[in-house]
Each structure stands twice: as C-alpha cells, then as structure tokens.
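This report describes the architecture of the structure shown below. It is written for a reader who has the sequence and the coordinates at hand.

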Amino acid sequence: MQESNDATRFLIVLLVVTLMTGALVLVVKSDFRIRDNVLSNLDYYPHIKIDKGQD
Amino acid sequence: MLTFILLSLAFIGGMGVAVITGIMASGLLLVLTCVFLLCAIIPLVFKHGNILSPGFYRSLREDEEAIPVLSMIFFMLTMVMFGSYRYVSELRNDYATHFKTICEKHDEATNWRIRGRIIEEPKLRGDYLEVLIQPETMRKVERRRVRVNNETGSRKGGGTYENVEHSSDQLTVSGGLLMAQVFEDNEVFREVDFNQTVEIEGQLSEASERRNPGAMDYRLHLRNRGIYRTVRITPRRAVMRIVDQQDSGAIWYRFALYVKNEVLKVIKQTMPYPESSFLGGVLLGLKGGLPPKVSQEFRMTGVSHVLAVSGLHVTIIAGLLYGIFAMFRIPLRIFAPLIVFSLFTFAMIVGWPSSAVRAALMNSLFILSMAYLKDYGFKMSVLFSLCVACDYILFMSPLQLTEPSFVLSVMAIYALAMFSDPSAKILRRMLRGPGLAFAFLATMAFFVAVVLKKDLVLHPYFFPATFVYIIFVCYVSMRLSDRSTFQSFAFEMLPGWLQGFLAAQIAILVAMMLPLSAFYFGQMSLAAPVANLIAIPLIGLIVQIGLIAGLIGAFIPGIGIYLALLLNAANWLAVKFFLGMASFFAALIPFPRISQPSFSELVIYYLLLHVVYFHSQIKTWVLAIYGAVSEVWNEPEYRNSLSIFAIFVVIVVVAGSVAFLSSIERQPDLRLTMLDVGFGSSLMIEGDGRVALVDSALNDTLGGMDRGERVIQPALSGKQVREIDAVILSSALPERISGLSSVFSSYRVNRIYTPFPLATDGVRVDFEQYVRLFAFGDIKLERRLKAGQNAGIPPGYFWELAYESYNRLIEDVHRYKIPVKHIKAGDKFTEAGVTIEVLHPASTRDSFQQYYDGLILKLSRGAHNFAYISGNAHPLESDISFKADFVFVADMPYPYEAFENYVKSSNPEGVAISYRFPSAWLMENYHLSGAITSRSRSYMPRFRQLPFPVYLTSENGAIQVDQLRGSLNTRVFVKEE
C-alpha cells in the first residue's frame, strides 16, 4: 500500500512540474511550435508523414 | 527452480561448446540427446515407478529429492547435447531451396529478379533505409541488345536494336533473408513499408568478412540475424518495385507498428531536431537519425546503452504502468496481464531486439510471480526469469549467443542480481568517516589528474597503475573505516534507494561494463561511472514523460497534440541537458583504448571476481564437498569407485588442458602484417613483444572514413600493445600519413622516422610553403611557381587533404612531444626486433618528390630479408640488389618493368601490394587521377603471370607474414574462392 501511494504521489508531482516547466518553455521559446518542429524534422524518418492541419 | 536454472545453464553451455569446438555433426548430437535423455529417465523410473502410471507425478511433487543425482547428471548432459544440436542445426542451411544455397550456385555477377515480403519495419541508417526481405521466388534475368531489323545489310552495325530479356525458370526460396539498402535518391525511399511485397532486380552482394586483425566480421553478424545477401537499391545498381501491400500478418505486430508510427509522428511535431532523434532513439529504438557527433559522444561517455532499448527502458515503463494502475487502486492480480501485454507490445515497437525481449520476459515473469506465485526471494526470482528469457531467445535464434548485444544485456542483469548486494556491503564497510573522505578525495584526485593531463591515459602502464590505485584506495578506506567510530558521516546514512542505485552502478561497472567493453570494443570510457550517475535517473524521466506525451498526442483527438507539445517542451529541457552532459564529459574526460583481453583472460577475470565477492560462500561449498568426499573415502566399499571417478576427472582435466594449450597459436619470432586500409597503406611490424608501423593509411574526412581509427587501432588493440615503438612514414602523401592522428590520440608513439622535412615546433605551414616543400609532379603548378606566381589555394580535395594532413602531423608531433628522426639512404636502425636499412632516397633535395622520393626499406631479421617499396620502382633498376624473401609494396609499383625484373631476380615467397581503387571524390580535379586508375587496370593481369603468389589487399584483405622457426608462413584474411 505504501509503495502504491509513493508511486501515485511521484506521478502526480512529475506531471504537475512537467506541465509548469513545459508552459514556461513555450512562453520563453517562441520557435517551439508544432509547425517549426515539423519543419526541422523533415529529414528525420521521412517516410513517416505528418497529417496536414496541425497548429 | 534451482533444477531449472541448472538445466538452462547446461543448455546455454551446450551452445557454447558448439561455438568453441566448431562441431557440425547435428545428427550425432541429436542421437546423443536421445541417449542421454533415456539414461536420465531410467533412474527416475526406478525411484518413482512408471512415468505413465497415475501416481508418478504425485510422488514426484511430494518427494523433496525428486530427481536422483544420476538422473540430474544425465538431464544436464541431455541439455548440453540439445543446446549444441540446436546451434548446429541453425547453421546447417545447405538444403537446395535455401536462399544462400541458391545464391552460391550462381556467379556473383548474376542479375536476379527476386520477389519477397518485407518482414520488418524499415530502419533508417544514415542516408539509407535498411529493409529486411523474406525472398519467396527468384529467377535469373539476362538482358541482351539484339539487332531485330538490319535494313542496311551491314554486318558490323546499323539497323534497329531492341533489349531482349531472357529469364530462367522461377525458383522457390525457403529460408534465409535479403537485406536491401534503399538510398534517398530512389523513388521507393518514402514509400517502402512493412508487409509489402516487393520485387527487386539487380546484383546481390555478400557482406564483407573480417578483412583485418581485430576488425568486425560483418558477414558473421548478418548471418546471426539470418541475412545471407545484401543489395544496394540505387539507380545504377538495382531497382525495387512495390508490388502489393498486404494487410494480413499478425494483428498484434501491426498494432505495435501503428502505435510506433503514431508516437513517432507526435515526436516529430512536438520536439525539434536533433532532440527528436534522441527521444525517438530512447523511446522507440530508432537509432538511425541521431547525428554522428552525438553517437560518438555517447560512446565516449559510456551512455550509449540508453539508445539500445534494454532492460532499463522496459523496467521504467513497467514502473510507470505499475504507478498508473496503483493510482487508480486496481489490484495487481487484475492489471498484471495488462502490464505483460504492454511490455511485449513495447518490445515489438522497438523492433524485437534480444535485449528488449529479454527484459520484457523477465519483468513479466517477475510481475506475474508477484501477483500469482509464492515468493522465492529476489535473487532467485531474477536468475530464474533470466534463464527463462535466455532459453526462449536462444531456442528461437541460437546464433544470438555470440552477439555482443545479447551478452551485454544478459550480463548486465546477472551483474545486478549477483553483485549488487555484495557491492553494497563493501561500500558500507569502506565508506565511513575518514574512509569515506579518503575514498572521495582519491577519486577526485584521479579524475582531476586525468582531466588536467590527458596524455596520462596514453602511458603504457596507465591501466595497470589505475588497477593498483583502486585496490590501494579500497584497502586504505576500509582500514580507516574499520578504525573509525564515526557513525553519522557514512554511506549507510544515505537513503536506501540511493545506496541501492550506487551499489548497482558498481556491480554493473565491475561485472559487465569494464570487462566486456574491453573484450568487445577495446575501449574503456573513464567518464562512464560519473556520467551514468546522472544519465540513468535522467533517462527514467525522459522516457516516462516522452511516453505519456506520445500516447496522449497519438490517441486523444484535438487537444492531445497540444498537451503533448506542453509535456515535450519540458522534456526538451531534459533532453538538452542530457546531450549537453554527454558532450561535456566527452570533451573533459579521455576515452582511451585498452588491449583487448582474450576469451580465456576474460574467464579468468570472472572467476577471480567471483572468488573476491563470494569467497565465504565458496569456502563453505568447498569444505562441504571435501567433507562429503572424505566421508565416502572412509567407506572401503566406495573407495575403488571414487578412485576410478577421480582418475576419470583427472583425465578429462588433462585432456582439456592439452587441447586448450595446443589450440593457442604459437607466437612467431616476427610478424609483418600489410593491413587492408583501402586506398593507402600501412604495414604493422611485431617482434620481441614490440610494435612498429610503416605508414598509417588515409583519413578521408569527406567520406567520413578514418582508416587509422577503423583499421589500425582495432588491429593494435587486439595485440596487447601498450605503445608503438616507431612509426616510419615512407612519404608525405595523405594516404600514408593522415590516419596517424587518431592513432596518436590512443597510443603513445616513441619515435617517428621520415625522409621528408617535418618541423617539431608545431607551427603550421601555409599552402605556398607546402608546395615548395613537396612536389606532386603537377607541371602546371611547378611552372607557376618557377614564374614567381603565387601557389593560390589547394586546387582539389586531394591537394587539400595532403596539405591539411601534413599540418596536422606537425601539430600532433609538437603536442605529443614525439622525437622525429630524418632518414636517408644508408641509415640503419633497429625497431621491434627488426633491422631496418634505408635504401632510397639517397639525399634530400629542396623539394621532396612525393612519388619519386618515397622510402625503399630493407627489413632483416635472422636469415630473412624483406623489402618495403613505397611505389616508385625506378631505384630497383640499378640501386637495389639484395634478394628479398617477401616484398611489400605500398602502392601500384611504377614502372612495372623495373618492379617485375627486381622481383623475378629475387624470386620471393610472395609479394603483398596494398591497393584499392581510390574514391571518385578523392581524385576529383587531381592531375594524376587518370594514371592512378589506368595502372591498376593494366597491372592486374600481369601480376597473375608472375611465378610466385602476388597478394592484393583489395582481394585478400590483410596479408600476414610470420617468421617461425626459420621459415615464412603467409596468411591472407580473405581467401579467394
């Protein structure tokens, strides 16, 4: 029981901290957008195509 | 459980016996398996009655010693024989319809049309896709240009021509795989996919076998994956057409691929390159897209294991799923099968590598035993599940046994299971109060010394001294800790998870990473212990966030991709930190080469390690066996039987030792190896336990191929060499000197001999000075210089490479403080047990003629003389008269007639020529490109007419000449068929 409580707490803390940090990165780094990422990944596994219409 | 572990070990041991002995008698092994099985069943039946009787299984379950010792011995022998049989039967692929058999029956130049199915998701490898095809049918295709209409009536030409295709009967193929390399400039590059039926037309190639000492055997590696031929799909060589897209196939596998592709799409949208390639690598096993620099930094810091999706990743995912299910208060008995399903799906997603399959099996068994079975203890459970995983993998694909990835993966778990607890005990005893302080300071001192003085790792005694230093630090720390009464400043005060983590790191380091890294790769990352302390917790975080983001982005419509972007934005920081950390440690801490230990040395290391870690248990076992034997010996009726058994054991041990000792290759008095370095040359001289090099091959920076790193270094690391006595450079051509730079970074070089001027002050020369120092026979350039004009810039890549290599040599010689000796005709010196006499060039002119002033050397030891000719054969016409027993030539000799007259008068036992056709980009705009290529074409048939063997590195791989008991033995690495 103790173990599962620890795991739950860890997951929740991880998610909250991650979301807050992610938001901070998106605010500070203006080129961190889906369109820019897709462009920079054009030659990375090119046969896996991205569906149009995102972002 | 112990019985199962022992039988598993016997099964794996049997495969090991087949590998070591090379036995191929599968029929005999199968018969022996049946005989031993019968022998094992008889005592069992005597004890418990008939196997088919109703009470047999009950009596077996209730009996504490259910299997008699004799049965157990025969069961183990059965498994040994079965393991050998399984391995050998996998190697036997000589039946008529096997892909390999069909290909071998035909000429290499045969043009094939093959139809087959793509059985795996294509993998990106640099600039091409690796596609694995199961051939179903194949036929020979010949195309001829035939005149169909001769209106002019001329015999010689005119009229209308058509391409006529003639194809042989269709052959059905069963067994064996074809690997197609689909390059970017091909139409199907973006279309090719799993489960398609494709048709390939073109010539097939067989992968290169081991061409140099210490090199990898790529053919063996592919054979272990079931691949027997490769084909390059480029517009000129072969064509691939997609014939059909099948939706059939295993649903589970298709589901795994669907998940993989969807998660990859999310990664491509939510993480910029190159961070996306790292996340794709650690999450989906897609190693292909990672920039080469990052891969190199990972190797240098010993963290590349994070890219080989392994037990670490599977355990992280198992932990994540466990946490999620526990969060929703779902009982373990219900979610255990779901975790098992997810883990195997993950193994499929990452391409079903043995490491991930092993980890998925082990984690599943562990979780299932936790949920449904009684607890056998952690160590026993891990060993049991490891045995199940190994048995499964090796039964399905026995050839995996010799693959480094399989061995590394299994040994990592073995190290964790067996050595973590004892390591924790040692750390607890060692790291307390003053002992902890001393160990910390000693470790810091070591790293500071290595960082500040990087050349330290090149010292011949660096590794032995480091080993002694570690033993000394451990001993002193223990003594200090033992005497101390200090309790609050100790390893024990750390949180339990941290103690466990540190102990596991030590266990992995001593029982897996250090010995196996040296054995397989001949390199040892000094940064690994430090970098992994950061890398392992960090990778846990990256994989968990990446997986959550991937699944949310892929399967929650609308908002999912934006949530994934948010999560991966945070993950991007962690990935950036990881890449930065690897880059930092790669730049800071050196990555030295180490002599590769032999297999027997590795076995001795592991035996000693077990003795050190488990000496008390071993002592108990030895005393118990001794007591039991003494007891039996005291009984007169058993004494004779025991004596016979003892004699039998002694005979087996003596016979085994004799067989082992006779298999050890006798060390020759002198060994000269002309390495296969492609275009360029390098001759390795070994004598009296020392090594010297003549020339050091090409570092083609544009082609990304450094032969010094790829050929010379592995050859040296397999030789137990700690330093190079001398490097003799026959001329300053880039194909002779540029590979030396990477050799300098890994080995200490004591001296350099050159016939050309080489400054030791480290000051680069400009191109103007360079062309005045060296003449390449470029008449236009020489005319310009004579007219007082400026030399300008290097006119082509070859010139640029030559100029840069020379400057790099100047810098390296200064940096590593290597003495340089200028040599000319008449000079004589001894290196690596060989007397070397310089026969040419006679004197140094203002300008060193690269193609005419190259060295001609006479190498002598005992009654034998050897000649090393740089390429220029003019001096052989008049100046050189000694008779060589073997002739080594660094290039195509010119003029041929002078060379032929000399070798015919010498009548050597053989001639070894280092030559390979240079790449097109190397010779672009180079004034001698025509001469170089035409010589190779016209000389080949003439070599074959000589009355003694002429070996070419392009055909024979490395050529090794041994002087042993007054005779010469020649060995080529690639035998002509």
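**Chains and their contact.** The model is a predicted one. Chain A has two helices and zero strands, and buried residues account for 13% of its 55 residues. In the contact between the chains, 33 residues of chain B meet 27 residues of chain A. On the chain B side, two or more residues are given by each of α7 (251-270), α8 (275-284), α10 (311-327), α18 (528-555) and α19 (560-588). The largest share of that side, eight residues, belongs to α19(B). By class, the side of chain B that touches chain A holds 21 nonpolar, eight polar and four charged residues.

**Domains of chain B.** Chain B is divided into domain 1 (2-91), domain 2 (99-249), domain 3 (253-302 + 527-615), domain 4 (308-402) and domain 5 (670-972). A contact joins 10 residues from domain 1 of chain B to 11 residues from domain 4 of chain B. On the domain 1 side, α1 (2-21) and α4 (69-91) of chain B each supply at least two residues, and the largest share, seven residues, comes from α1(B). This side of domain 1 comprises seven nonpolar, one polar and two charged residues.

In soluble globular proteins, nonpolar side chains tend to be buried together. The largest nonpolar core has 156 residues, of which B:Ala180 and B:Ala360 touch the most other members. The helix α19(B) gives the largest share of this core, 14 residues. Leaving aside residues up to four places away in sequence, B:Ala180 touches B:Val131, B:Ile133, B:Ile200, B:Val231, B:Ile233 and B:Met240. Another core, apart from the largest one, has 87 residues, including B:Val691, B:Val727, B:Val834 and B:Ile869.

**An open sheet in chain B.** Eight strands of chain B form an open sheet with mixed pairing, in the order β20-β18-β16-β12-β11-β10-β29-β30. Its edge strands are β20 (820-822) and β30 of chain B, each of which pairs on one side only. On average, neighbouring strands of this sheet are turned by 20° against each other, direction ignored. Two of the strand pairs are examined here. Strands β16 (residues 726-728) and β18 (residues 752-754) of chain B are parallel and share two bridges; B:Val727 has B:Ile752 in β18(B) as its bridge partner. Strands β29 (residues 959-964) and β30 (residues 967-972) of chain B are antiparallel, with six bridges, and B:Gln960 is bridged to B:Arg971 in β30(B). The hairpin of β29(B) and β30(B) has two residues between the strands.

| Site | Feature | Value |
|---|---|---|
| B:Tyr273 to B:Pro274 | cis peptide bond | omega near 10° |
| B:Tyr894 to B:Pro895 | cis peptide bond | omega near 0° |
| B:Asn907 | positive phi, not a glycine | about 50° |
| B:Arg965 | positive phi, not a glycine | about 50° |

B:Pro274 is located in the loop between α7 and α8 of chain B, while B:Pro895 lies in the loop between β26 (886-889) and α29 (896-906) of chain B. B:Asn907 occupies the loop between α29 and β27 (910-913) of chain B. B:Asn907 counts as exposed because it has 12 C-beta neighbours inside 10 Å. B:Arg965 is placed in the loop between β29 and β30 of chain B; with 9 other C-beta atoms within 10 Å, B:Arg965 is therefore exposed.

How values were computed
Residues numbered from 1 in each chain as written. Chains lettered and ligands numbered in written order. Predicted model: local features only at pLDDT ≥ 70, side-chain atom pairs only at ≥ 80, totals over all residues. Contact = placed C-beta atoms within 7 Å. Helix = DSSP H or I, 4+ residues; strand = E, 2+ residues; numbered from the N terminus. Nonpolar A, V, L, I, M, F, W, Y, C, P; charged D, E, K, R; others polar. Pairing = 2+ DSSP bridges. Domains from an automatic or database assignment. Core = buried A, V, L, I, M, F, W, Y, C linked by C-beta atoms within 7 Å. Buried ≥ 20, exposed ≤ 12 C-beta atoms within 10 Å, placed from the backbone. Axes fitted to C-alpha atoms, helices over the stretch in contact; angles between N-to-C directions.
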